[in-house]
Amino acid sequence: MNRRQLLKSGAALTLGGGLPAVVRAAQPGVSLRWLGGAMLEIEAAGLRVLTDPCLGEGPEAFVMGDPNEMFDLARGPNIKSHARLTPFPGLRYDRYDLVLLSHAHEDHFDQAAQAWLDPQLLMLVPQHDLAAVRQKGFAASALAHGEMRRIEGPEGVLRITALPAVHSENPEVARLLGLGNGYLIEVETAFGLARIYWAGDSFLVPPVWQALRAAQVAEAGLLDIFVPHLGAVGGAGALGQISMDGAQAAGFAQQLEPQAVLPIHHSTYALYREGPEVLRQHHAELAPRWRLRTPPEGERIHL
């Protein structure tokens, strides 16, 4: 089966009380598989979740403005093709239940994914991007910051809470780019409770920390895994830095004190200016209690 056909799946999923129509063999625990960029394949409670789907490959993987360049803010960035530097590792399944979108920039929801994704597949998106995603033909639903969606699966329950993702430490740039979503994903099964915090393109700024405190996960050991976005995108460009570098991610992790950290949003695209090396260095120097997980693209990890 063509790898892009694997995304063309209608979600047999109901919200707030129903069970999925699809019955699957039991898969104990929770697993995450990084597919490059900000794309994760999450298996939990018998459900299959994709985050920020991007399927483009090669030197023209997606088309977007270049935030690493200087440009006139009034006129906008230079629209160009961006290269994927790593091979796409492929999807495990021909059917998925849910897509979570942190925001709708093309390096998070690329043209290839837009062309091949079933428009009726359940998709949760930030309020800021709802109109744009629906205009592309997708039956998306907005999840406001602080709002929780309960999704019942054959092996348990997902509780997905939207948290603010602030794209820049500069308030003016953050307003220009729009607020995205991070997501607290709580998985409750017969094996217990697991918590994943996928931060999206965000920095540790007061609104984010306040939201984490309100979600009652801002204390040591309450998160099983923290998934920050690296890349140090922007740098000397017109917008300045719009994704974390390794030092900032290490500081964020030190505040949260999760069980483990899985950095993504690095290495895959030429757009990224920093890989995981700086975070590895800070982790070695800090010798923290949290474990740093840096699997290659396509490798499955279990909580």
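Helix α5 passes helix α6 in a right-handed crossing, meaning that the near helix is turned clockwise from the far one by less than a right angle. Helices here are DSSP runs (H or I, at least four residues), numbered from the N terminus. The structure is a predicted model, in which local features need pLDDT of at least 70, side-chain atom pairs count only at pLDDT 80 or more, and totals for chains, interfaces and linings use all residues. Residues are numbered from 1 along each chain as its sequence is written, and side-chain values use heavy atoms, with hydrogens and water left out.

Two packed helices are described by the angle between their axes and the distance between the axes. For α5 (residues 246-256) and α6 (residues 277-286), the angle is about 45° and the axes are 7 Å apart; axes are lines fitted to C-alpha atoms over the stretch in contact, and angles run from 0 to 180 degrees between N-to-C directions. This makes α5 oblique to α6, since angles under 35 degrees count as roughly parallel, over 145 as roughly antiparallel, 65 to 115 as roughly perpendicular and the rest as oblique. The contact (heavy atoms within 4.5 Å) involves G246, A247, A249, A250 and Q254 of α5, together with V278, L279, H282 and L286 of α6.

Helix α4 (residues 206-214) also meets α5: their axes come within 12 Å and cross at roughly 30°. That makes α4 roughly parallel to α5. V208, W209 and L212 of α4 touch F252, Q255 and L256 of α5 in this contact.

Key
Helix = DSSP H or I, 4+ residues; strand = E, 2+ residues; numbered from the N terminus.
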